[in-house]
Amino acid sequence: MSAPAIVARHLKKRFGTFVAVDDVSFEVERGEIFGYLGANGAGKSTTIRILCGLLEPTSGTATVAGHSVAEDPEAVKASIGYMSQKFSLYLDLPVAENLAFFGGAYGLSGRALRRRTEEVLELSGLAEVRDAQTGSLPGGIRQRLALGCAVLHQPEIVFLDEPTAGVDPTARRIFWKLIRELSRGGTTVFVTTHYLDEAEYCARIGLMVDGRLVALDTPAQLKRTHVPDRMFAVRGPNAARASGPLRQVAGVRNVEPFGAGLHVRAEPGRCEAQTLRAAAGAAGHQVEVEPIDPTLEDVFLAVVGRSAKKEEDGA
Amino acid sequence: MPRRPSRRTQFLAVVRKETLQTARDKRMLVMLLGGPLLQLLVFGYAVDFKVDRVPTVVVDGDQTSESREHARGLMADGTLRWVKGGKSEDGGGSRNGRRSSSSANVAPPPVTPSVGATSGSPGAEGPAPLDRLGVSGAGPMPVAEADAALVNGDAAAAIILPKGFSRDLARGETAHVQVVIDGTDPNRATVAGAAVAGYFAEVSGDLLRARLAQQATRPATASGGISLVPRIWFNPGLDSPPFMIPGVMAMLVIIVTTIVTAMGLAREREMGTLEQVLVTPIRPSVLLLGKLLPYVVIGFLDVALALAIGAYVFDLPIRGSRALLAAATFVYLLSTLGVGLLISTISKTQQQAFLGGFLFAMPAILLSGVMTPIRSMPLWLQAVTYLNPLRYYVEVLRANLLKGAGWSDLWTQLVALLVFGVGILFVATMRFRKRAV
Ligand SMILES: Nc1ncnc2c1ncn2[C@@H]1O[C@H](COP(=O)(O)OP(=O)(O)OP(=O)(O)O)[C@@H](O)[C@H]1O
Ligand SMILES: [Mg+2]
């Protein structure tokens with residue numbers, strides 16, 4: 001059982017002349033939360049649809065839960081749960097009937113179905129709305145129901161395609177609590193998202209740019225590799241005005257406004273927090289300077305910027 | 001964890017979901033069950049080809065008790081209605097009003113001497129002008145008045161019994177009767193002509209039998225020849241509701257099954273729910289069977305409803321076997337559902353599916369023999385109708401309901417429907433499987 005949950009080998013998907021997924025290879029370990037990141041149209045959904053057996057790849061192979069997607073799609077489908085990017089449960093049916101239908105589609109019936117329905121309603125906090133018409137529920141609750149439908153049959157792997165898109169922050173937090181619970185229970189979670197703060201919860205992250213997988217690692221390692229510069233947060237009543245003097249400090253690469261303060265990026269080993277504070281003080285601005293970790297957003301910008309430049313050079 | 005989920009469980013889940021969705025959709029229910037009612041009533045009442053109580057004037061030039069007897073006898077079965085001096089004998093004036101006003105505004109004189117009926121050899125001398133038959137102006141209705149009644153539409157048929165009619169008949173000589181019929185409505189003309197011819201054929205048959213009985217031995221061919229008179233059987237009045245209802249039933253089934261199935265699947269595709277279903281281990285064939293079953297039930301309900309309305313409102317007879325009706329309906333449903341499925345595999349949206357269903361339904365209805373008899377179509381079009389499942393179903397319904405035809409008469413149609421149904425369903429399932437999303 002130590003074989004990876006997902007193995008993708010040289011997956012490629014072409015729509016006409018447009019290549020949506022281009023030679024993508026990766027492995028996802030069992031039980032991990034794997035984040036799949038990328039801008040709109042990067043090819044995230046296309047990859048998921050290939051892995052779920054909804055779309056045939058132009059070339060390449062995929063193994064999911066130990067079954068070949070091309071040769072035994074039925075076994076793959078029995079082992080996975082899928083939550084599509086667009087909400088796609090029956091809006092005209094009550095919550096409980098959606099669960100009953102998808103449970104039945106996965107082969108659950110009788111007592112097993114009733115037990116799982118109760119568990120899922122409980123787990124996702126949907127017990128009070130079990131008889132409500134699905135279409136009348138707010139987005140956050142709908143997404144929890146969709147997740148419930150995807151995990152009714154206790155799949156080894158769940159694919160969640162932007163499960164929190166358009167959902168308010170509280171609902172997002174609740175949703176991620178559920179995802180982490182699933183993962184603790186041993187379920188492998190493959191999740192795409194636009195929210196980089198959410199990506200921090202992932203054990204590993206794959207970064208897609210224009211159909212290519214350009215980076216894959218743990219969040220911490222990604223930051224170290226792609227944002228080698230040191231980062232400092234500059235705060236204080238007049239922090240914004242200190243931007244000019246700070247740029248003059250040796251080793252500083254970039255100064256950007258961040259909230260009411262500034263973020264400073266500097267070459268490692270060439271300047272410390274004190275140096276920056278002194279420089280701002282010399283210009284008459286009293287500020288606090290603190291070393292900070294780069295965020296995934298910094299990673300994302302660095303990676304996307306780099307591949308864009310590469311493309312320009314190539315052209 | 002379920003490795004290979006039970007197909008039965010999956011199938012039942014689909015049936016349950018589909019039934020619930022249909023039952024919760026009020027508009028859909030109205031369309032599925034109220035639509036048939038409305039269509040039947042509209043077709044039953046508005047499209048009325050039925051011919052009865054044709055207003056008829058009688059010019060009795062003979063003025064004997066026998067001639068009056070014959071005049072009454074002609075009206076006896078209700079196909080013809082005796083109008084005297086422009087007034088009808090019974091109170092049914094509304095129909096008369098409708099008819100006469102519709103034929104009165106026809107430009108050319110609507111008097112068509114179309115039937116010359118005789119009790120001996122019908123049509124031997126061909127139609128004769130009114131005044132050549134020895135009918136003078138004497139008697140209760142002069143010929144000129146009958147002529148006028150035909151022209152102004154008070155009457156649609158005139159029967160002239162000439163002087164000496166009963167005498168000739170009694171002597172066994174050829175007796176002449178002239179029947180003049182307004183031919184502006186060919187249906188009505190045919191029925192009225194057939195009613196008169198039928199009556200006199202019966203009279204001459206009786207006479208002949210009586211004579212044969214008297215003379216004990218004489219071959220029937222010798223004299224007073226009996227000639228064949230065409231008669232419309234099973235629906236002699238060209239009663240339109242009994243004739244139309246089978247056609248309307250077949251059309252209904254297309255609407256509630258073909259179009260609704262095509263749109264239902266297209267909606268699931270549009271809403272994205274189809275993708276969510278296809279990612280479950282459910283097999284396409286199980287999914288489709290489960291989705292179609294509720295519509296089979298609804299199709300049967302609609303057919304039963306149509307039959308009930310037909311029977312109670314329009315006197316539709318059900319002369320044949322009900323098991324045969326059910327079997328025919330089932331194999332017909334296979335075709336209509338299969339076509340719906342096929343259409344859904346080639347349409348991306350509900351709109352396209354609706355259009356596709358409509359584009360199938362229109363020619364299928366026109367080429368089914370519901371509206372126009374297939375025999376009156378050009379030969380190549382007649383050949384095309386053999387590819388139309390509707391044609392077979394309408395044939396079965398009409399033959400079964402009106403004539404009481406049984407399995408041995410209709411098995412070819414049943415086999416044709418079965419072959420079409422299974423074939424179309426197979427192709428549609430294959431296509432569905434291939435372009436799953
Ligand atoms: N069926 C299709 N036919 C043609 N082009 C397609 C099809 N599906 C996707 N594409 C294209 O492939 C590209 C990748 O689409 P995909 O949905 O995988 O992107 P994504 O990373 O999920 O983006 P988003 O964040 O917007 O969901 C897009 O440019 C899209 O227009
Ligand atoms: Mg997407």
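The model is predicted: local features need pLDDT of at least 70, side-chain atom pairs count only at pLDDT 80 or more, and totals for chains, interfaces and linings use all residues. Residues are numbered from 1 along each chain as its sequence is written, chains are lettered from A and ligands numbered from 1 in the order written, and side-chain values use heavy atoms, without hydrogens and water.

**The interface**

Select chains A and B together. Here 31 residues of chain B are in contact with 37 residues of chain A (heavy atoms within 4.5 Å). The area buried between the two chains is about 3,000 Å², with carbon and sulfur atoms giving 56%; buried area is the accessible area (1.4 Å probe) lost by two parts on being put together, summed over both.

Next, display the charged pairs. Between chain B and chain A there are 4 salt bridges, each a side-chain nitrogen of Lys or Arg within 4 Å of a carboxyl oxygen of Asp or Glu. Select R49(A) and E275(B), whose side chains meet in a salt bridge at 2.2 Å, N to O.

Helices α1 (7–24), α8 (240–271) and α9 (273–278) of chain B each supply at least two residues of the side that touches chain A. The largest share, 9 residues, comes from α1(B).

Move to E74(A) and R283(B), a salt bridge with its closest N and O atoms 3.1 Å apart. E74(A) lies in helix α2 (residues 73–79) of chain A and R283(B) in the loop between α9 and α10 (284–314) of chain B, so the pair joins two chains.

**The magnesium ion**

Select ligand 2. This magnesium ion is coordinated by S45(A) through OG and Q85(A) through OE1, at 1.8 to 2.1 Å (donors are N, O and S atoms within 2.8 Å of the metal, or 3.2 Å for Na, K and Ca; water is not among the atoms, so sites may look incomplete). S45(A) lies in helix α1 (residues 44–51) and Q85(A) in the loop between β6 (80–83) and α3 (95–105), so the pair ties together parts 40 residues apart in sequence.

**Within each chain**

In chain B, select K291(B) and E268(B), a salt bridge at 2.7 Å between the closest N and O atoms. Both residues are buried (under 20% relative accessible area; exposed is over 50%, partly exposed in between, 1.4 Å probe, protein chains only).

Finally, in chain A, select D229(A), R253(A), R265(A), E267(A) and R270(A), which salt bridges with shared partners join into one network.

Methods
Helix = DSSP H or I, 4+ residues; strand = E, 2+ residues; numbered from the N terminus.
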